[in-house]
Amino acid sequence: MTLTYTQVWVLILGCAALTALNKAFGPVLLGGRELPPWFTRVIVLLAPTLLCALVVTSVFASGRSRSVGAHTVGVDVAALMLWRRHSLVLCVVVAVLVTAGLRAI
Amino acid sequence: MNARFLAMGVALAPSLPGGPLKRAAQGQTVVDASWALANRGDGIFDRWLLFGTTLPQYLTWTLGSVVGAIFGDALSDTHRLGLDAIYPVFFLSLLIAELRDPTSRWAAVGAGLLALALVPISPPGIPILAASTVALIGLARRSA
């Protein structure tokens, strides 16, 4: 499918508008008031759930299919290193080197 | 694709002062990394940390995109450079910092499994938003 110049720009602006709405929704509807303790307990758990879902889908999935690749191995090695409290920069470098190395062979 | 910003915005809402317009504008500064960094872990977000960490990200992200668009062809196949391993490792480090107690650990495991289960049967973006509903176990269980 090839899009015309105009269609591409409509698509880009549409995505931008949708993202802005997504980001504004919570603050507009729920901001500016005291929220009950149960709400806080849910918020605290949003960070681990969202971050884990982001990591898992970027490591074990591609688009709409589950798939693994060289980067899965690279990230796994880095995960072990992070757990052993190595520095983040070192872990990122190792993950990239392992991934690139596996793809070279 | 960006459906997860709905959940992030809901979490951030109580931390933003001002009227609806001002809050909506502040909500625009949410990106994954700064949202996670500004999260103090007690339900409150440090909004200045959020703004401050988004700004350099926005500038370098945009600059990087421009450089990539102009010079990207020179690198030919970026896939073989293994750069796609950077993003998950970075978020993994943020995730590890969030696993403070058993409740958050189980919530993370549940969310990961749910997101993975939904990948083949829903459009991109939805698995992550759906996984955030696992946080609702906070209603039933007192977090430590």
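## A loop residue in chain A

In this predicted model, R85(A) lies in the loop that joins α3 (70-83) and α4 (88-104) of chain A. Although R85(A) is not a glycine, its phi is positive, at about 65 degrees. R85(A) counts as exposed because 8 other C-beta atoms are found within 10 Å, and the limit for an exposed residue is 12 or fewer.

## The interface between chains A and B

Contact between the two chains involves 68 residues of chain B and 56 residues of chain A. On the side of chain B that touches chain A, at least two residues each come from α1 (4-12), α2 (20-27), α3 (32-38), α5 (86-98), α6 (102-118), α7 (126-131) and α8 (137-140) of chain B. The largest share, twelve residues, is supplied by α5(B).

Sorted by class, this side of chain B holds 45 nonpolar, 16 polar and seven charged residues.

## A helix pair across the interface

Helix α1 (residues 5-30) of chain A meets α2(B), their axes coming within 8 Å and crossing at roughly 140 degrees. Because of this angle, α1(A) is oblique to α2(B); the limit beyond which a pair counts as roughly antiparallel is 145 degrees. The crossing of α1(A) and α2(B) is right-handed.

From α1(A), the residues K23(A), A24(A), G26(A), P27(A) and V28(A) take part, and they meet P20(B), R23(B), A24(B), Q26(B) and G27(B) of α2(B). By class, this contact between α1(A) and α2(B) comprises five nonpolar, three polar and two charged residues.

Note on methods: Residues numbered from 1 in each chain as written. Chains lettered and ligands numbered in written order. Predicted model: local features only at pLDDT ≥ 70, side-chain atom pairs only at ≥ 80, totals over all residues. Contact = placed C-beta atoms within 7 Å. Helix = DSSP H or I, 4+ residues; strand = E, 2+ residues; numbered from the N terminus. Nonpolar A, V, L, I, M, F, W, Y, C, P; charged D, E, K, R; others polar. Axes fitted to C-alpha atoms, helices over the stretch in contact; angles between N-to-C directions. Parallel < 35°, antiparallel > 145°, perpendicular 65-115°, else oblique. Left-handed = near helix turned anticlockwise from the far one by under 90°. Buried ≥ 20, exposed ≤ 12 C-beta atoms within 10 Å, placed from the backbone.
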